[in-house]
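Open the model in your viewer and keep the sequence beside it. This tour moves from one selection to the next.

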Amino acid sequence: MPPIDNPWITVLLIFVINIFYVSFLTMRMILTLKGYRYLAAFVSVLEVLIYIVGLGMVMNGLDKIENIIAYALGFGAGIIVGMKIEEMIALGYIVINVTTAEYDKEIPKTLRDLGYGVTHYAANGRDGDRLVMQILTPRRFELKLMETVKQLDPKAFIIAYEPKNIHGGFWVKGVRSKKLRAYDTDEI
């Protein structure tokens, strides 16, 4: 890459290139952790190409502190951008465990009617009988599901976690094919 005469354009380019580099790095790590190995490998190729260009620009002007600062700031900004991209893509699934004192069989039915896969069972807590529900949803619907549960029972105890592997049952077929809806108090 030929040298750029304007030092501020160089600083800006280093900053922007590093945002792209670290965003790809963040996405590659997330894709790798979630088991998307081929997509992660493709992203890593782009990541390295961008990295070489950006690092080359910094190494060519190592005596200029503004280049080093732009590289560091771009790295930090790239982490934020990469995390925002991952939040928007929301790969994978989330399991929401709900424990409610409202021992009402209508809550699981309502959630099923909205398209969620719900397994429910009776449990005993310190203060008596409880209804426990295990609900699987794509990650992009996590907040919608949590709000729906809070509308159905504002005092519900909710825990969310990402499952590593899923096999069989309604969850795999049903959750992928249904359009999930939010609970509307006017529906019922």
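Helices (H or I, at least four residues) and strands (E, at least two) are DSSP runs, numbered from the N terminus. Residues are numbered from 1 along each chain as its sequence is written, and side-chain values use heavy atoms, with hydrogens and water left out. The model is predicted: local features need pLDDT of at least 70, side-chain atom pairs count only at pLDDT 80 or more, and totals for chains, interfaces and linings use all residues.

**Stop 1: the whole chain**

Color the protein chain by secondary structure. It has six helices and four strands. Starting at the N terminus, their order is α-α-α-β-α-β-β-α-β-α.

Now show the surface. The protein chain exposes about 11900 Å², and carbon and sulfur atoms supply 63% of that area. Accessible areas come from the Shrake-Rupley method with a 1.4 Å probe; for residues, only the protein chains shown count as cover. Of the 188 residues, 37% count as buried. Buried means under 20% relative accessible area, exposed over 50%, and partly exposed in between (1.4 Å probe, protein chains only).

Contact means heavy atoms within 4.5 Å. Take the contacts between residues at least 6 apart in sequence: 73% of them join residues at least 24 apart.

**Stop 2: the annotated regions**

Residues 38–62 are 92% helix and 0% strand, with the end C-alpha atoms 35 Å apart. Residues 68–85 are 100% helix and 0% strand, and there the end C-alpha atoms are 25 Å apart.

**Stop 3: helix α3**

Select residues 65–89. This is helix α3, with 25 residues. From first C-alpha to last, α3 reaches 36 Å, close to the 36 Å expected at 1.5 Å a residue. The expected span is 1.5 Å times one less than the number of residues.

Which residues of α3 are buried? They are N67, A70, Y71, G74, G78, G82 and E86. These pack against α1 (7–33) and α2 (37–60). Just after α3, look at A90: its phi is positive, about 50 degrees.

**Stop 4**

Click S23, in helix α1. Its relative accessibility is 7%, so S23 counts as buried. Beyond its neighbours within four places in sequence, S23 is in contact with G78, V81, G82 and I85.

Go to T10, also placed in helix α1. T10 is buried, at 12% relative accessible area. Draw a distance from T10 to G54. They are 44 residues apart along the chain, and their C-alpha atoms are separated by 10.0 Å.

**Stop 5**

Return to α3 and pick E86. Is E86 buried or exposed? E86 counts as buried, at 10% relative accessibility. Leaving aside neighbours within four places in sequence, E86 is in contact with M27, I30, K34, L91 and R139.

Follow that list to K34, in the loop between α1 and α2. K34 counts as partly exposed, at 26% relative accessibility. K34 and L91 are 57 residues apart in sequence, yet 8.0 Å apart from C-alpha to C-alpha.

**Stop 4: strand β1 and its partners**

Select residues 93–100, strand β1. Six of its eight residues are buried, so the strand is mostly covered. Two strands pair if DSSP finds at least two bridges between them. β1 pairs with β3 in the antiparallel sense over eight bridges. β1 also pairs with β4 (residues 157–161), antiparallel, over five bridges.

Zoom in on I96. I96 stands opposite I135 in β3. In β4, the bridge partner of I96 is A160.

**Stop 5: helix α4**

Finish with residues 106–113, helix α4. Its buried residues are I107, P108, T110 and L111. They lie on the same side of α4, because they cover an arc of only 160 degrees around the axis. The arc is that of the directions from the helix axis to the C-beta atoms.

What covers these buried residues includes β2 (117–125), β3 (128–138) and α5 (142–152). Just after α4, check G115: its phi is positive, about 105 degrees.
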